[in-house]
Amino acid sequence: MADLRAIRAELIGVVAAPHCLCCRSPLARSPAGPAICGRCLRQIELAPGFPLRADAIDGGFAPLAYEGVGRQLVAALKFMRLTAVAGLAAAVIAGRAPPAWLRATIVPVPAAPLRARVRGFDPAREIAAALAGETGCAIDPLLRRGDRSRQRGRGRRARIAAPPAVAASGPAPARVLLVDDVVTTGATLDACARALRSAGASDVRAVAVAAVPPR
Ligand SMILES: [Zn+2]
């Protein structure tokens with residue numbers, strides 16, 4: 001069994017003390033923004049980025065691979081619920097995505113209902129809000145996920161293979177930029193893009209702060 005006291009001490013150390021959120025190396029002083037060391041920040045800035053793959057999108061981009069510093073950054077956002085990390089993720093996306101994509105309505109990829117309820121903190125929505133602030137784009141959280149009833153009774157393998165059920169709650173703007181925290185297979189992005197097109201979108205791009213690189 002895990003030693004909860006040790007885990008708690010470790011988390012408090014990461015959040016409160018001046019330690020890098022990614023590699024946990026000690027920082028000389030508490031920074032005003034997210035606590036990230038110079039070495040990790042350089043890795044984030046110098047990462048080449050790569051396209052996201054999903055059939056129904058017109059283009060997709062992630063600045064970071066979901067490994068090393070990219071994985072650590074997503075973990076800091078997801079499990080430590082740090083809004084400042086969402087701001088950093090949005091700044092990295094805004095600085096690296098094709099500028100033309102940033103003139104669209106931002107739509108966050110919706111979290112699965114159970115996940116959203118358990119965590120009460122939605123990383124994709126946090127990044128989307130920060131990106132809207134950074135770019136001046138409108139944000140419209142119009143997608144909903146309802147996988148539970150549809151997937152009830154299916155085996156684990158089928159649930160993983162099946163795309164999530166996503167629907168738009170109203171008409172979609174013509175130009176949309178989908179925003180997620182991390183993309184693994186692209187199945188969720190694809191389902192979101194299809195829902196947006198059914199609701200009237202004609203140009204759907206997608207960004208995430210990190211993604212599993214194409215093989
Ligand atoms: Zn670091």
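A crossing of two helices is left-handed if the near helix is turned anticlockwise from the far one by less than a right angle, and right-handed if clockwise. This briefing covers a predicted model, in which local features need pLDDT of at least 70 and side-chain atom pairs count only at pLDDT 80 or more, while totals for chains, interfaces and linings use all residues. Residue numbers start from 1 along each chain as its sequence is written. The chain has nine helices and eight strands; helices (H or I, at least four residues) and strands (E, at least two) are DSSP runs, numbered from the N terminus.

**Chain and core**

- Of the 215 residues of the chain, 40% count as buried. A residue is buried if 20 or more other C-beta atoms lie within 10 Å of its own, exposed if 12 or fewer, and partly exposed in between, with C-beta atoms placed from the backbone.
- Residues 24 or more positions apart make up 71% of the contacts in the chain with a separation of 6 or more. Two residues are in contact if their C-beta atoms, placed from the backbone, lie within 7 Å.
- The largest nonpolar core has 65 residues, and Leu 73, Ala 89, Leu 178 and Val 209 touch the most other members. A nonpolar core is a set of buried Ala, Val, Leu, Ile, Met, Phe, Trp, Tyr and Cys residues joined through C-beta atoms within 7 Å.
- In soluble globular proteins, nonpolar side chains tend to be buried together.
- Not counting residues up to four places away in sequence, Val 209 touches Ala 62, Pro 63, Leu 64, Leu 73, Val 74, Ala 89, Val 92, Ile 93, Ile 127, Asp 181 and Val 182.

**Helix α3**

- Helix α3 covers residues 68–80. Its 13 residues reach 17 Å from first C-alpha to last, close to the 18 Å expected at 1.5 Å a residue. The expected span of a helix is 1.5 Å times one less than its number of residues.
- Val 69, Gly 70, Gln 72, Leu 73, Val 74, Ala 76 and Leu 77 are the buried residues named in α3. The buried residues of α3 pack against α2, β3 (64–65), α4, α6, β7 (175–183) and β8.
- Ala 76 of α3 counts as buried because it has 25 C-beta neighbours inside 10 Å. Leaving aside neighbours within four places in sequence, Ala 76 is in contact with Leu 21, Leu 82 and Val 85.
- Arg 81 follows α3 and has a positive phi, near 55°.

- Helix α4 (residues 83–96) has 14 residues and should span 20 Å at 1.5 Å a residue, which agrees with the 20 Å between its end C-alpha atoms.
- The buried residues of α4 are Val 85, Ala 86, Leu 88, Ala 89, Ala 90, Val 92 and Ile 93. They pack against α2 (38–46), α3, α6 (123–135) and β8 (203–211).
- The axes of α3 and α4 come within 8 Å and cross at roughly 140°. Axes are lines fitted to C-alpha atoms, for helices over the stretch in contact, and angles run from 0 to 180 degrees between N-to-C directions.
- α3 and α4 are therefore oblique to each other. Angles under 35 degrees count as roughly parallel, over 145 as roughly antiparallel, 65 to 115 as roughly perpendicular and the rest as oblique.
- The crossing of α3 past α4 is left-handed. Leu 73, Ala 76 and Leu 77 of α3 make the contact with Val 85, Ala 86 and Ala 89 of α4.
- α4 and α6 pack at an angle of about 55°, with their axes 8 Å apart, which makes α4 oblique to α6. This crossing of α4 and α6 is right-handed.

**Partly exposed residues**

- Phe 50 is in strand β1 (residues 50–51) and counts as partly exposed, with 15 C-beta neighbours inside 10 Å. Not counting residues up to four places away in sequence, Phe 50 touches Ala 62, Pro 213 and Pro 214.
- Arg 24 lies in the loop between α1 (4–16) and α2 and is partly exposed, with 15 other C-beta atoms within 10 Å. Arg 24 is not a glycine, yet its phi is positive, about 70°.
- Most residues other than glycine have a negative phi.
- Ala 162 sits in the loop between α8 (156–161) and β6 (166–168). Ala 162 and Ala 187 are 25 residues apart in sequence and 8.3 Å apart in space, C-alpha to C-alpha.
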